[in-house]
Amino acid sequence: MNEWEVLREWCPKLYKEGMIFECGLGWYGLLHDLSMKIEKILEKEAENSKLHEGEENEYVEMFAIQVKEKYGTLRFYMSAQTEEMEPLIHSAEVLSSQTCEFCGEPGKMHGTHWLKVRCDKCYEEKK
Ligand SMILES: [Zn+2]
């Protein structure tokens, strides 16, 4: 089992079977933190919806539909999200612009057409 599969198992509400993470493992740490926080919110939401069962209040299923790198930074898309999730997702996306996608060390955006966040060491090696 690779790291992403482990994360998927930890967050069964957030990540459906077959979820693919289209980014480097250097972002595993920040995605792990984000996923755990969102999973907790989803658990709370599911509990709340149970309490309101029978009411006209329909529970909207929320889960991650796409997690990928685009133009150098993380993009995290949910099927639906609460206001509570918005700043968490935003912070993770901002953090990804300062985190080497390859090794997780502090990094910065490199490239002009091919944008990638790399630390100096990975940038030199991959050049
Ligand atoms: Zn690096």
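Student: In this predicted model, which residue of E3 is the bridge partner of Ala 64?

Tutor: The partner of Ala 64 in E3 is Met 78.

Student: What makes strand E2 and E3 a pair?

Tutor: Two strands pair if DSSP finds at least two bridges between them.

Student: Why are E1 and E3 called edge strands?

Tutor: Strand E1 (21-22) and strand E3 (73-78) each pair on one side only. The order in this open sheet of three strands is E1-E2-E3, and the pairing is mixed.

Student: Which helix packs on the sheet, and which strands does this helix touch?

Tutor: Helix H2, residues 28-51, packs on the sheet and touches E2 and E3. Touching here rests on heavy atoms within 4.5 Å. The direction of H2 makes about 20 degrees with that of E3.

Student: Where do these elements stand in the chain as a whole?

Tutor: From the N terminus on, the order is α-β-α-β-β-α-β-β-α, with four helices and five strands in the protein.

Student: What does "buried" mean for the 38% of residues that count as such?

Tutor: A residue is buried if its relative accessible area is under 20%. Of the 127 residues, 38% count as buried, so that share falls under the 20% cut-off.

Student: How many side chains count as positive and how many as negative?

Tutor: There are 16 positive and 25 negative side chains. The centres of the two sets lie 8 Å apart.

Definitions and conventions: Residues numbered from 1 in each chain as written. Predicted model: local features only at pLDDT ≥ 70, side-chain atom pairs only at ≥ 80, totals over all residues. Heavy atoms only, no water. Helix = DSSP H or I, 4+ residues; strand = E, 2+ residues; numbered from the N terminus. Buried < 20%, exposed > 50% of the residue type's maximum accessible area, 1.4 Å probe, protein only. Lys, Arg positive; Asp, Glu negative; His and termini not counted. Charge placed at Lys NZ, Arg CZ, Asp CG, Glu CD. Axes fitted to C-alpha atoms, helices over the stretch in contact; angles between N-to-C directions.
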